[in-house]
Every structure is written in structure tokens, then in C-alpha cells.
Amino acid sequence: CAGSEGVESATGLEVDGEVGEAAKTLWGDRLDVIVGDFAQTLPVGPAANLLISNPPYVRHHYINSLNKEAMQRAVAGSLGIKVSGLAGLYCYFMLLAHEWLDDGAVSGWLVPSEFMDVNYGSALKEYLLDKVRLLRIHRYDPTSVQFDDALVSSAVVWFSKEATDDDYEVEFSFGGTLDAPALTKHIKKSSLRAERKWTRFPENGVRASNTSSLRLKDAFSVKRGIATGDNGFFILDRARIGQYGLRFDYLTPVLPSPRHLDVTEVFADDDGYPAIENPLFLINCKLPEHQIEALYPELHDYLQTGIKSVSDRYLCKSKCLWYQQEQRDPAPLLCTYMGRGTKNSRLPFRFILNHSKAIATNSYLMLYPKPARHGARTYDDATIKRVWKELNALPPSALTSEGRVYGGGLRKIEPRELGEVVCASCFEPHHEPPQLQLFEAAG
């Protein structure tokens, strides 16, 4: 509790017993240290009028399932908010701390900024907009990591415990320090409620309310590339194919990872394979093992070398046949999934024009043309190429405002996020999104 003369009393919780005892020794009577798990501790003592926290950042898959369910029930019971099972531990800490606060209390949290972009962050957004008065969010520049052991971008969230229906303004700041940010902008609460991506502020303004803007999802189905379970085993070059005597009957051409593909246009040779240095091929066979042994003994022998080291991997053992792959048709356009940008490109992501029969792994997003809603008009190769050029000419903010960012400036964009990118210039005006038929779209 803090008064006009300073801090009157202070309570801290620490889950590590040794650290808790050290804190008791260090602070003495000035700090009441409770050794225990905050997420499982009921409020003690008088309600706090000031709470400052740097909660633990533990991803959802490291949280005990029983503890997760208990925290979800506690949040639902106290706030009526449903928390996604994908939420990190810091989300629960912020929501459970509500019961510890006195009316009008001020609270400050140092948390990963990703909650402002991802679906599981909707619980925190609902809390900040409906249960308290959101005062300010400061986001540190992700290219300047604040903590050596943190690979996330950080934000400081300030709010007071006073729910209000007023459409007040919230301060968003970015870069620099908390006291001296590089950018600042005030955003209406109503605008935040309508916005999916809060990290677009303050660098970008409120989106125009024009819902007629064409987005990539209007013309493309965006799918993630395949996850093999072990690229080193299932993807081979011609040298290894020859070493094991494998045939091309069950091999599918596949593009190398983005860091090994230094072009943005992939041409095809006479067989439809990528005309690149050292092309790669994916073992892609759906036959049961006894048929493989009868028809392709050389493939059967190769698969046996992976029984101990590959077949028991999580993704492989979850399949009906551990070596069976997801099925994808070649896509005429692809987008890299992660990136920071390069000296030669302002964009953190690259769009690649694919003339070959190659598919891609999950380091790419694959863009498949959707049928036109009216008529049977199709794009020819020249128009496909124009669309590709337009995509690579988009301003960086068109993509970064839809994706997400991590510590060190690493950016990522998911299929749904890429689909939300506005790209009206990619389509001819006054028409429905056109049908693109370079390759048959995947089902």
C-alpha cells in the first residue's frame, strides 16, 4: 500500500524458497515476503493500491494441465473471462491479480508484447478494455532486446482498477525508454476494441473503416507448407538419392529453406523441377510398409534406417503411417514465414514466384488462387507475375502491421494474418477478386 508519504506497507510473493528467504534477509521488516505460488495464493492483508509486476513468462505447454484448468476456473469465476489454453502464465498472473487490488489501484506490468497480436491475448484485451481503465502501453523497440535471456519483445502496461464505459484515450508509446519514448500516440478505446493488432500503434494510425478494401484472402487461400517431422531424413538432394538408389516415382520436388533460396523467382527445368543449384526432393509415399517392401525395396531399406531415430518423433508417431506426408499441390506464389529483412530488401518477408512443380515446407506460406465469384476469367502468366511484383512492392507496414514481432526484430506472419493484408493494387479495379489458375488449388 502506498500513501502520500510513500510506501506504507509492501508484500511480495516468491515461488522459490531460497530466493524468498534471501529477500526476507535483504528487505527485513520493510517487505513482507510470502513464499508460495502467486497463481495459487488467495489475497492476503489489505487490498493493494499499487501493484508492480514482472510475471514469469512460461509458455502454455510448460504449464501443468491441472494448474492451468484451476487458473482458468478462477479467472472465469472472478472476472467472467474465458482464457485460451494457449495463453502463457503471465496472462493468468495479470488476471488473477485483480482480486488483490483495491478500487482505484494503479498497476504496472512488464510483459511480452505478443498478447496484443495473438488470439490468446483476447482475454487480456477484454480485461483491459472492460474491467479496468487502461492508461498506457509502452512497447520497447524489438530490435533492442531489453533482457539478455529474453527472446520476446517487451511492453509495459499501466492501468487503474476502475471500470468505465467512457470512450477515453489510451496512450501508446514505442521505442526509447518509458520516460522518453521515441513515438507516442493516443488511441480511443473504441478503436482498440475494433482493432486486431494493437502493436500497430503508435507507429501506425487507426485503420480506415472502409471494409471494401481487397485483402489477399479475397483472392487466395493461404496454407502453411508441410511439416515433415524430420527434414534431414525425408528431404534429400540428388547425391543422397543416388547413394541409396531411390527412384523419382515417390519423390516430390521441394524448395529449400528461405535462407538457402536466394532468388524470388523459381524457374522450372524440362521435368518441372526447380532450376536451382542442388534441387531437393521429398520422400512422399502413401503405401503401407508391406507394399513398399514389395514394390520399392530400396525405399523400404532406407525407411528402416529411420525406425529408431525418426519414427518415434512426435509428429511422425502421430500419423497413421509415420513416413506419410501432408499433401500439397504446387503453389504459384509463396511467402516466407519468418524474417528480419535484408540489406537488399525492406520487407521482412519475401514473395516468391514459383514456375516449378515444387512444394514447400512450413518455413513458407503457400498462396493458392481462389475461383472468381462471377465469370470464368483467369489470369495468364504475365498477370500472375504482375501480382507477384505488386506484393513485393508493398510498403513494409502493410505486412508488419498484420504479423507479430519477437526480440531482436524477428518477425513472423501466420496464414490468417497474411490473408488480412490489404493489397488492392494487386487486383484490377471494379472486378471481383480474379481467378488465378497457374496450378490447381489444394483442397
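I looked up L410 and found it partly exposed, with a relative accessible area of 21%. I kept in mind that this is a predicted model. Buried means under 20%, so at 21% L410 counts as partly exposed.

Next I checked where L410 sits. I found L410 in the loop between strand 21 (404-405) and strand 22 (411-412). Then I listed its contacts, leaving aside neighbours within four places in sequence. L410 touches M338, G339, R340, R404 and V405. I also looked up T143, which lies 267 residues from L410 along the chain. The C-alpha atoms of L410 and T143 are separated by 8.0 Å.

I moved on to helix 3. Are the residues of helix 3 buried or exposed? I found L89, Y90, C91, Y92, F93, M94, L95 and L96 buried. That is eight of the eight residues of helix 3 (residues 89-96), so the helix is largely enclosed by the rest of the structure. What covers the buried residues of helix 3? I noted that the cover includes helix 2 (65-79), strand 6 (101-112), helix 4 (122-130) and strand 8.

D167 is found between strand 8 (154-160) and strand 9 (169-174). I looked up its accessibility: D167 is partly exposed, with a relative accessible area of 36%. Which residues gather with D167 in a patch of negative charge? I found D165, D166 and E169 there with D167, on the surface.

How values were computed:
Residues are numbered from 1 along each chain as its sequence is written. This is a predicted model: local features need pLDDT of at least 70, side-chain atom pairs count only at pLDDT 80 or more; totals for chains, interfaces and linings use all residues. Side-chain values use heavy atoms; hydrogens and water are left out. Patches are made of residues with over 30% relative accessible area and no salt bridge: like charges are joined within 9 Å, nonpolar side chains (Val, Leu, Ile, Met, Phe, Trp, Tyr) within 5 Å. Accessible areas come from the Shrake-Rupley method with a 1.4 Å probe; for residues, only the protein chains shown count as cover. A salt bridge is a side-chain nitrogen of Lys or Arg within 4 Å of a carboxyl oxygen of Asp or Glu. Lys and Arg count as positive and Asp and Glu as negative; His and the chain ends are not counted. The place of a charge is taken as NZ of Lys, CZ of Arg, CG of Asp or CD of Glu. Helices (H or I, at least four residues) and strands (E, at least two) are DSSP runs, numbered from the N terminus. Buried means under 20% relative accessible area, exposed over 50%, partly exposed in between (1.4 Å probe, protein chains only). Contact means heavy atoms within 4.5 Å.
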